[in-house]
Each structure stands twice: as C-alpha cells, then as structure tokens.
Amino acid sequence: MGSPLFRSPPIHRAEGLPYFTPANDAGAAINAQDPSIPTLFRPLRIRDVILKNRVIVAPMCTYSAESDPTSPAVGALTDFHIAHLGHLATKGVGLIIIEATSVQPNGRISPNDSGLWQDGTDSEQFKGLQRVVKFAHSQGAKIGVQLAHAGRKASTVAPWLASQAKQRGIKADESVGGWPSNVVGPSGGEEQIWAPGDQFWPPRELETAEVEEIVRAFARSAGLAVQAGVDVIEIHGAHGYLLHQFLSPVTNRRTDKYGGSFQNRTRFLCEVAAAIRAVVPSGMPLFLRISATDWLENQTVAEGTGSWDMPSSIQLAKMLPDLGIDFLDVSSGGNHRSQRIEPHTNYQIDLAGQIRQEIHAAKHKTLVGAVGFITEPESARDIVQGAEEERQANEAMLSGLKPQADAVLMARQFLREPEWVLAAAKKLDVKVSLPRQFARGLL
C-alpha cells in the first residue's frame, strides 16, 4: 500500500491572514481523475462550490461561546473554535459545518451556544465567524454554518453540567444567562415540555407575527454569513428544534397558517428556505438537515394526529428543488421523549438511501448526505461509491454496490480521530496532499 504524497507545486503563503501559514490543501487526491480512486475522494460540485472530497464535518455544539447577555461577545465564536475547527481543516476534510448558530438570542440551546443575530460586520459575532472562515480557507477546506433556532429545547445549561447532575437537562435561568420566560414553540403549555420533570422550560406559543419575524431573522443571519465568507449555509430542521417542531403534528397543534395540514406545517420551513435563497449568491449551496422520522410509529402520543415519518420526509424531499435547496442532510429523531429507536450501524444510512432513491425516481438532482455511526473508511467508501452522475450507472452495475448518499457527514469520529481523512486515504490506498506542517509525522 502506497503512502500519501505531497503535491509538487512550491509553497505559497495563504491569503487573507495577518500571519504566515502555507496554503495547504490536505485531503485532496493527487490524481482525482484516476478511475481507481474511490468516490469518497473524488470532488463534489454543488452549484459553484467544489468540495475536494466527500467527507463533511457535521455540526457539533461545543457550548463554548460567551454566555453573558451584557457582553458584546455573547454568542461569538472564539479562539477555541479556531483551534477545534481549524485543526480539522488542516487534516483534510472537504467541508466543515459550524455548529448550530442561532438566529435569535432565545434560539440558543444554551447560553453558551453560538449566535449570529447582531447587526453589522463590526459585531463580535460577525468577526468571530469570519476568523474561523478565513483560517479554514487558508487550509484548503470549505466551510459552512448551520443556522438554527432551538424552540422549546432552549435555555438549558451545557450537557456536561447536566451529566454531573445525572440528568438529561438542567434549566438555565437568568442567573446563568438563560431566558425562562421566552422559551418558544409552535404550541405552548406544560404538555409541550420536551422532557418530564424539572429539566426543561414549558414553551409559550409563538404568535403568527413572531413566526414571520423568525423567517426574517434566518435571512438576516444568512446575509451576514455570506459577508463573513462562508461557502455553504445549512438550515437546521432536525432533532426536535424549532423547524422540526413545526413539521411534526405531534408538536405543532396550531390553527393558523402554520399548523394543521402538511402544507401548513411545512410553510415555515419553505418560507425560511425562500428567504435565505433570496439573500445568498445564486452559486452558493443551500443545505437542509432533517430528522427523517420522529420514531413515533404506533406510539400513543401520535394517535389521531400522526407524526413526522418517512413518507413525510419523502414528500418534503421532492419539494426541495423548488425551494432552492441543493443538499439534504438526513438524520432522525429528537422531537419527542416517546421516540422508539433501535440503533444499529446503518439505521440512518438506510433512511438516507431510501430518500435518495425516491429523489432519483422523481428525476430530481438533490444531493443526499448520510450521517450516523460512520467510523470506518470502508463503510464511508461504500456509502457513496458510484454516486457521481457520470459513473453511477455502469459502476454500480459492475461493482454490485448501490450508493446510498453523495457524501458522508461525521461528528464524534472527528473528536476521536481528527486525522480521519488522512488515515482513511492511507487505508484505501489513495494518494492525497498533506498539510505541510504535519507531513513528517504522516508520511
């Protein structure tokens, strides 16, 4: 098995930084056109953005932003995020998606979450995001941001504090920067608390005008992200946060234009997507993360109303081209405590594959990302093998493989193994470029 090699061009200084670092491009296949190279290490073009490989860092909340609501740096990314995300950029990933970043102060999961609601390019939130983006670009990685609103799952403390207290969640009150009176959802009241006991706040029901304002907030944040230089924007519509709460009839009991029918329950998401698409460049990709199912089939809570399930997700997926969404990031669950999940290695990969098959049957071109329990290079390779359009038909036929996604998203594996991409290239016998500063230890 051959060792990864350097590219041949001379060292160039990375642009856009006030200090020297060589312009790295780690993780890019030396000869990406070689037909023997696995699809995992082939470039992926999405609108005007080209990912050097199909490995994406999924958003990971780190609860490490300033929490003091009186500080101008509240919600801003910090040097920690440069160290954390920047290190992944040096180690060869194609795209990094920055953790859930709230479009409003009360949309954070915890007071220590990141945000992008401050107006202007001189705000600390903007400057923190721009610093992370510039460093990632200097290392050859593309970078995106996941825009989010936590809804009824907001105003809790960091999970390690909850873990110390042996609880699933601990309310964040005003003494630690929380907002107990302004936790919101599509529907309100004690019955809409995310988890039982004294762990989460009861949400209040959003007024119609407030929902419309959140749509505008998503657009404002997207506009700022574009100015900060991000390559991709992802809308967070999964894991029981606000957009998912609107999608599911279990958590959406509204009677206005945002509740009731499938059309009404998806209206909020559709408006958010349209508002973002209107303010970002035409060449910028727009991603959407969804929970493909609530995992509430045959559960009492869904009797009479139904839940968000695979048929719902497939119906939504077929709407995405008209919404300007290019990439569907398929996860699952997180919307109700009664969910029944039986995790196994491919349980979410299978969901992504089913949705992708339906998208292709409808002759749509929306790309699909698979996430969950992806740890081994061979598994990642097989999930996407043959996914590129120009090779898909004959390669799938020859190999017997049926691609389940166009890219893989990984999170916790990068916490365990930041150099996963380079290790995977070596294991799969793919020659890739290396970060110059680390090369002696990687050859």
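Good morning. The model I am presenting is a predicted one.

I begin with helix H1, residues 79-90. At its start, a side-chain oxygen of Thr78 comes to within 3.1 Å of the backbone nitrogen of Phe80. Just after H1, Gly92 takes a positive phi of about 105 degrees.

Which residues of H1 are buried? They are His81, Ile82, His84, Leu85, Gly86, Leu88, Ala89 and Thr90. Their packing partners are strand E3 (55-57), strand E4, helix H2 (124-138) and helix H13 (412-416).

Strand E4, residues 95-102, leads us to Asn106, which sits in the loop between E4 and strand E5 (114-115). Is Asn106 buried or exposed? Its relative accessible area is 9%, so Asn106 counts as buried, the cut-off being under 20%. The side chain of Asn106 makes a polar contact with the side chain of His149, at 3.4 Å. Leaving aside neighbours within four places in sequence, Asn106 is in contact with His149, Ala154, Trp179, Asn182 and Val184.

Finally, the nonpolar cores. The largest has 100 residues, and those with the most contacts inside it are Phe41, Ile233, Phe268 and Ile276. Helix H4, residues 208-228, gives the most to this core, with ten residues. Apart from this core lies another, of 15 residues, among them Leu51, Ile97, Ala407 and Leu409.

Methods. Residues are numbered from 1 along each chain as its sequence is written. This is a predicted model: local features need pLDDT of at least 70, side-chain atom pairs count only at pLDDT 80 or more; totals for chains, interfaces and linings use all residues. Side-chain values use heavy atoms; hydrogens and water are left out. Helices (H or I, at least four residues) and strands (E, at least two) are DSSP runs, numbered from the N terminus. Buried means under 20% relative accessible area, exposed over 50%, partly exposed in between (1.4 Å probe, protein chains only). A polar contact is a pair of N or O atoms within 3.5 Å; within protein, one must be able to donate a hydrogen and the other to accept it, and residues adjacent in sequence count only if both atoms are side-chain atoms. Contact means heavy atoms within 4.5 Å. A nonpolar core is a set of buried Ala, Val, Leu, Ile, Met, Phe, Trp, Tyr and Cys residues joined through side-chain atoms within 4.5 Å.
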